[in-house]
Amino acid sequence: ELGFTAVEEAGGDVAALAKAAAARFDRRGGTLLHVAGSVTAGDLAGHRAGAGLALRRWVLYEARPAQALSPELRGALAAGEIGGVLFYSPRTARLFTDLLAAAGLAARRQQMTALCLSQAVADQVMPRQWLRVLFAAEPQQQALFSLLD
């Protein structure tokens, strides 16, 4: 819709993206532009180093973590109204569990299911006690949503 003539999807994680880029682009010239947030979950530069591709990273946005849970969320958690939490990154999983503890609601994890985009995300929540920890078969939103079924 924005005028790109070729759009490809690589499978959901940084390793798959690096592999797809190495297979798709000529290693003799040009540069890959990696448009991302200020904090990334993987090391695209490290993965692409072996492929011989030049990489330029451009930070498009910065996600700043919340300092506390909102009053509405604290109330819903305290009342037991939330049975599951979707986690898309290790960072957000860690931040949420820290904010939950800071709000005095850490015990609520035992009544909630952590639904994680990948094993790496699940690894962040597993050391803490949850009712269940599930992770998507592949790191894609649709696979994460299928856990809701």
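Are F87 and W130 buried or exposed? Both of them are buried, and here buried means under 20% relative accessible area, exposed over 50%, and partly exposed in between, with a 1.4 Å probe and protein chains only.

Hello everyone, a word on the model before we go on. It is predicted, so local features need pLDDT of at least 70 and side-chain atom pairs count only at pLDDT 80 or more, while totals for chains, interfaces and linings use all residues. Residues are numbered from 1 along each chain as its sequence is written, and side-chain values use heavy atoms, with hydrogens and water left out.

Back to the rings. The structure holds two aromatic pairs, meaning Phe, Tyr or Trp rings (for Trp, the six-membered one) with centres within 6.5 Å; planes under 30 degrees apart are stacked, over 60 edge-to-face, and the rest tilted. The centres of F87 and W130 are 5.8 Å apart with planes at 80°, so this pair is edge-to-face. Together with F96, these two residues form one aromatic cluster.

Now for the charges. Side chains of opposite charge can pair when their charged atoms come close. There are two salt bridges in the structure, each a side-chain nitrogen of Lys or Arg within 4 Å of a carboxyl oxygen of Asp or Glu. One joins E62 to R64 at 3.4 Å, N to O, and both residues are exposed. D98 and R128 make a salt bridge too, with their closest N and O atoms 3.7 Å apart. D98 is partly exposed at 40% relative accessible area, and R128 is also partly exposed, at 26%.
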